[in-house]
Each structure stands twice: as C-alpha cells, then as structure tokens.
Amino acid sequence: MSIAARRLLGLAFANADMLLEIEPGGVILLALGAAQATLGADEKSLVGKSWRNLIVEADRPMLDALFGGIEDGARRSPLIVRVAGQPGRAVAFTARRLPDNGGRISCAVLAAPPPQAAGGADGLLSRDGFEAITKSLMDAAKITGQQLELAMVEMAGFADARDALNDEAGAALERQVAGALRAESHQGSAAAKLGDNRFVLLREQGENPATMIKRLSRVVSACAGGESLDASAHAVPLESGSPARLARALRYALDDFIEEGLKDVPPHSLSQAMDRSVRRTLSKAGELGAALSQRRFTLAYQPVVDIQTGVAHHHEALVRFEDGGSPFSMVRMAEEFDLIEELDHAVVEQVVRQLKGDRTGALKLAANISGRSIGSEIFVGGLERVIKADSRLRDRLIFEVTESAAIDDLDVANRHIQSLRGLGCKVCLDDFGAGAASFAYLQRLKVDIVKIDGRYVRDLASDGRDGALVRHLVQLCKELKVQTVAEMVETVEIEDAVRRAGVDFAQGWLYGRPADRPGPAIVRETAAAAPPALAPVAVRRTGTSDQWR
Ligand code: C2E
Ligand code: MG
Ligand code: MG
C-alpha cells in the first residue's frame, strides 16, 4: 500500500472502527480494522466480496446513491445502514472518492445504533413518522447543537415516469429514488413521501439545495432510462423554540407544501409556511361555513344490505360538497372549527326531507353524526324535536356516531344516545376499530349496531390477524345483542368471509356505490336466490343504474 493511502487511512481511522476501499463495481479491495465487531466478519473474508452482500437489501439503494453521487474528493455525512443477516446490528458509512484512483471509494465504517424510525419497505417514513423523528432530532439538537433544515423536494412527472414503465421497472425506479432521497437525509432515515411527486427530508444545513437536486437528478435519470425529471427543492431552517410550536409549525408547513408544492414563491421559514397555511385553512373554513348556511351540499346514498338476502336494509347518507369528492377533510375541518353541529344538523334536515318524500314508507336512512355533535345538548335536543314532530320517522331514521372526533364525555353521549333510542331510532357506532377508544365506546355506549371499520374488513379475506379480530368482535357483539355491519365489502371473497364471521349487514362497492338517490342494491346470483319476503325495502330489478322510486 502506498504511503499516501496509509495517510488517508490514518485520517479515516481517527473517526472509524474500520475502513473499506471499494472499486467502482462494488467489490471490496481493502478491509482494515475491527471488521468482526462492526460487520460480523473478519477482514480477509471481506476482500473480494461485494459490499452489497453486507447490507440489508432495503438499504442498498441508499448506498448506491451515496456512492453514485459523490464527487471526486467530496465527503458526505454518515448514513446508517443495517447489516445483512444480523438483526439489530447497524453501521454508519461515510464515503469519500479517492482522488485520481480509478474511481475507488474509501469508506469509514463505524458501529452505530440501528435507525430510530422504521420506514416502509423502501425506508421512506410516513408523514406521522417524519413528524415524530423531527421532534426527537430537534430535542437532540438542543444538546448537540446540530443545525438541521427541512428540505422539500418536488419531482414533477415522477409518478408519470413510474407509470410509464412496466411493474418491475417502475418498482425499481421507486426503490432507487427512495434510496437517493434517504441518502440525502440525516443519517439516511429522515425522508418521507408526502404525495406522488412530493417528498420531504431533514438534513444538515449548509449546502445549497440545488446541489442536492443535481445528485438526485443523476440517480433518477440513470434509472428512468436517461429521462430527466423536472426536480426542484427548497429548504427552510428548523427554528428552535418550544416543542409544541415546532410541531405545529411543521404540521402546517407540510400541509402548505402538500397543497401548494413549490410552484409559487416558497416560504422563507417554517413560521412563514405556517402563516400561509393557517390563512388558507381559515379561508377554507369560511367557505365551508358559507356552504353550510346556504345549504350548498348534496347527499349521496349507499345501500347497507342484509348479508343473508343481499337486499338493502337501509341506506347511509353521505354528504357531498361542490367538488363531489370525499367529504372527509371538510368534516375534519368542521370539527376543528366548531361547524360540525351545523353540518350534522343540515344533513339530518335533508335526510328527514327525503324520508318524508318517500311514498312507500319503507325507506330507512342512516345519517352520520360526529362524536362531537352527539355530546351537544342543543344538537340532540333539536334532533328530538324533529323526531317527535313526525311519528313516521321513528324507526326509519338511524344515526351513525362517527369516530372522526373523540367523544369528550361518554356519560353525556350515552344519555343522548338512549334518548334517541327511546324515541325509536336505532343508533350505530361507526368506524369501530379505527380509533384507540373503540372498546371503551362499546363498553360505555349502549347502541343497536356496530359498524366495523373498513380497514379490518378489507383484509378479512386474507384470513390474517384482522380476520380473527373481526370474528371475535362479532361474537362479542352477539353476546351484547348488538348487530354488526361490515363496510368496504368490495369483492365476493370478502363478502364470503364477512358472512362466515357472522356479520349481519354489509356495505361496499359490491352492493352499490354512493348514488344521488337511494337505489336498490346490486343483485347478484347468491343474493337473488334468497327469499325476497325478508326484504324490508322493496327491490326493483338488478343493476347499478336502477334508482329507488
Ligand atoms: P363513513 O361513515 O365510514 O362512510 C363510509 C365511507 O366509505 C364513505 O366515504 C364511502 O363512500 C366509503 N365506501 C363505501 N363503500 C366502500 C368500498 O367498498 N370501498 C371503499 N374504498 N370505500 C367505500 P365518504 O363518503 O368519503 O365519507 C368519508 C367519511 O366522512 C365517512 O366515513 C364519515 O366519517 C364522514 N362523513 C360523510 N358524510 C358525513 C356527514 O353527513 N356527517 C358527518 N359528521 N360525517 C360524514
Ligand atoms: Mg358512516
Ligand atoms: Mg367508516
């Protein structure tokens, strides 16, 4: 070994347990130091191997990007990767391309604690995971003095480029891009995907984001067959301050980025991003308030069928605003801005109108009531007056108490539920299993029906843990004399599993999507074979286009 290389070694060892020298194809040419303690193999056995065999598969694209992205002589901050075949063992890699040496890379390797946060299969974090890691890194930065920034990365056309490839090549591109983003992030484990083309990561301050974009673009175009993507990045420093303020500012800044991207003038700071986002939210809340007071919304109706007969037992009314899409974000906003009682009241008003206009008298409708509204004396008092005013409504109106907002006072909520039940209306606990409090609700709220959250139902056919959970829940409900509904039944396989689990009612694409009038459920062979006499709602002929009259 030449003197120059030894000097370099000395430098690297000052901060490393061992040193690897790797040729451009990935083969290890030199391994020196505490190989056994760091990588679990002796020095000699490492030489001639590819570094790729040493590292878990999910972390390889990250090192690919690290090695592919280093300029001659440039040194990047350490990335933590997990050692293959040795659970719990991780090492930090710092790489430097040796100048004028045929593209060889010198890596200082240091034993390291495994990454704090587990990302998905590609190592990217969820939004929640990203917010959590930011918080813990900022806590640590108070001690270490490390200066971090939030980098927002937009890759216009990434999703299109991926979709244009076949499945295998598309998945490979996603893995490489995820690896490249992680390689730019603090220790390789602080990057998240926020949307099709939008990503965020935390990294040390100091480098122009344009340099990072150059590296990322090189990786993307290498994987996308030379195609270059229009990528841009913008970084804002993470300001110190109270943890609560930082968490709030980060949340709003991420919302701002998700909604606006980087197309307009990006914010200079986290606080500015937060201000922008708050202003936009307030203006949307104002629009929602106006839409409610002017009754600018419609209802969509989805059948809930008796699982034995396949016939619609009742329909759930789902609110639709002008965009026609899922109202979920509006409902959340209404809950946050105290508009929810007004929303729920306006929906019940329209549901009642629909019931009164039904000439058959057989139509039954379920209205969603937020967990927040059910706790309100004024709201429930209003419902009671409406029901008492028309005796034909009593057993045709069902209330689904949703879990989108937590119920503050279970005793009050239960009192209100019992008074609605006392008037002849059935009450259903919606979204069972979606929140942490579901069992407490079931214990403290006496209801007629439990609706099992779609996330458990959808996995039922695969017969994993969720299947066992649903079966036990149905059993428990039977003992409590509570009926059950399975939502999001999309396939015959799921329907079979739901039926086997003993569920009473089902709802989902299989029986009909939400439509602008309460129509009959789609009739399929199994359902059609059942005796129609059991049908509480008259059924016209088959087909999705048929509407209730
Ligand atoms: P939810 O009460 O659990 O309503 C069921 C949601 O699942 C509806 O979404 C429906 O369109 C969807 N869905 C039904 N079948 C299937 C299926 O087979 N597959 C899939 N993937 N989805 C299915 P939607 O209409 O977007 O409503 C979302 C949530 O918004 C509702 O969940 C409810 O929590 C809330 N919401 C809707 N309307 C109202 C309302 O009038 N008042 C209140 N407070 N909340 C409402
Ligand atoms: Mg519902
Ligand atoms: Mg639900």
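Biologist: Glu-316 and Glu-400, are they buried or exposed?

Modeller: Both Glu-316 and Glu-400 are buried. Keep in mind that this is a predicted model.

Biologist: Okay, and what do they hold on to? Which residues coordinate the magnesium ion (ligand 2)?

Modeller: Four side chains do: Glu-316 through OE, Asn-368 through OD1, Glu-400 through OE and Asp-430 through OD, at 2.1 to 2.2 Å. Glu-316 belongs to strand E11 (residues 312–320) and Glu-400 to strand E13 (residues 397–401), so to speak of them as a pair is to link distant parts of the chain, 84 residues apart.

Biologist: Let's go to ligand 1. How many residues surround it, and which are the closest?

Modeller: There are 24 residues around ligand 1, and the closest are Ser-326, Asp-344, Asp-430, Glu-490 and Trp-509. Asp-430 is also one of the residues that coordinate the magnesium ion (ligand 2).

Biologist: Which side chains have polar atoms by the nitrogen atoms of ligand 1?

Modeller: Asp-344 places a polar side-chain atom 2.8 Å from a nitrogen atom of ligand 1. Glu-490 does that at 2.5 Å, again to a nitrogen atom of the ligand.

Biologist: What about an oxygen atom of ligand 1, which side chain is 2.9 Å from one?

Modeller: That would be Arg-320, where an N or O atom of the side chain sits 2.9 Å from an oxygen atom of ligand 1. As for cover, ligand 1 has 800 Å² of accessible area on its own, and the protein covers 91% of that.

Biologist: Back to Glu-490. Which residue does its side chain meet in a salt bridge?

Modeller: Arg-458, with an N to O distance of 3.8 Å. Arg-458 is in helix H16 (residues 454–458), while Glu-490 is in the loop between strand E16 (483–486) and helix H18 (492–500), so this pair links distant parts of the chain, 32 residues apart.

Biologist: How accessible are those two residues?

Modeller: Arg-458 has 43% relative accessibility, which makes it partly exposed. Glu-490 is partly exposed too, with a relative accessible area of 29%.

Biologist: How many salt bridges does the count come to?

Modeller: The count comes to 34 salt bridges. One of them is between the side chains of Arg-127 and Glu-131, at 2.8 Å from N to O. Arg-127 and Glu-131 both sit in helix H5 (residues 127–144), four residues apart, or about one turn of the helix.

Biologist: Which residues join Arg-203 and Glu-149 in a network?

Modeller: Glu-184, Glu-207 and Arg-215 join Glu-149 and Arg-203 in one network, through salt bridges that share partners.

Biologist: Now strand E6 itself. Why is it described as largely enclosed?

Modeller: E6 covers residues 148–156, and eight of its nine residues are buried, so the rest of the structure largely encloses the strand.

Biologist: Which strands are joined to E6 by bridges?

Modeller: Seven bridges join it to strand E8 (residues 198–204), running antiparallel. Eight bridges join it to strand E9 (residues 230–237), also antiparallel. As examples, Val-153 has Phe-199 as its bridge partner in E8, and Ala-156 has Asp-230 in E9.

Biologist: Last topic, backbone angles. What is phi for Arg-295, and where does the residue lie?

Modeller: Arg-295 has a positive phi of about 55° although it is not a glycine. Arg-295 lies in the loop between helix H10 (270–293) and strand E10 (298–306), and it is partly exposed at 32% relative accessible area.

Biologist: And Asp-338, what is its phi?

Modeller: Asp-338 is another non-glycine with a positive phi, near 55°. The residue is found in the loop between helix H11 (328–336) and helix H12 (340–356). At 66% relative accessibility, Asp-338 counts as exposed.

Definitions and conventions. Residues are numbered from 1 along each chain as its sequence is written. Chains are lettered from A and ligands numbered from 1 in the order in which they are written. This is a predicted model: local features need pLDDT of at least 70, side-chain atom pairs count only at pLDDT 80 or more; totals for chains, interfaces and linings use all residues. Side-chain values use heavy atoms; hydrogens and water are left out. Donors are N, O and S atoms within 2.8 Å of the metal (3.2 Å for Na, K and Ca); water is not among the atoms, so sites may look incomplete. Helices (H or I, at least four residues) and strands (E, at least two) are DSSP runs, numbered from the N terminus. Buried means under 20% relative accessible area, exposed over 50%, partly exposed in between (1.4 Å probe, protein chains only). Two strands pair if DSSP finds at least two bridges between them. A salt bridge is a side-chain nitrogen of Lys or Arg within 4 Å of a carboxyl oxygen of Asp or Glu. A residue is near a molecule or strand if one of its heavy atoms lies within 4 Å of it. A polar contact is a pair of N or O atoms within 3.5 Å; within protein, one must be able to donate a hydrogen and the other to accept it, and residues adjacent in sequence count only if both atoms are side-chain atoms. Accessible areas come from the Shrake-Rupley method with a 1.4 Å probe; for residues, only the protein chains shown count as cover.
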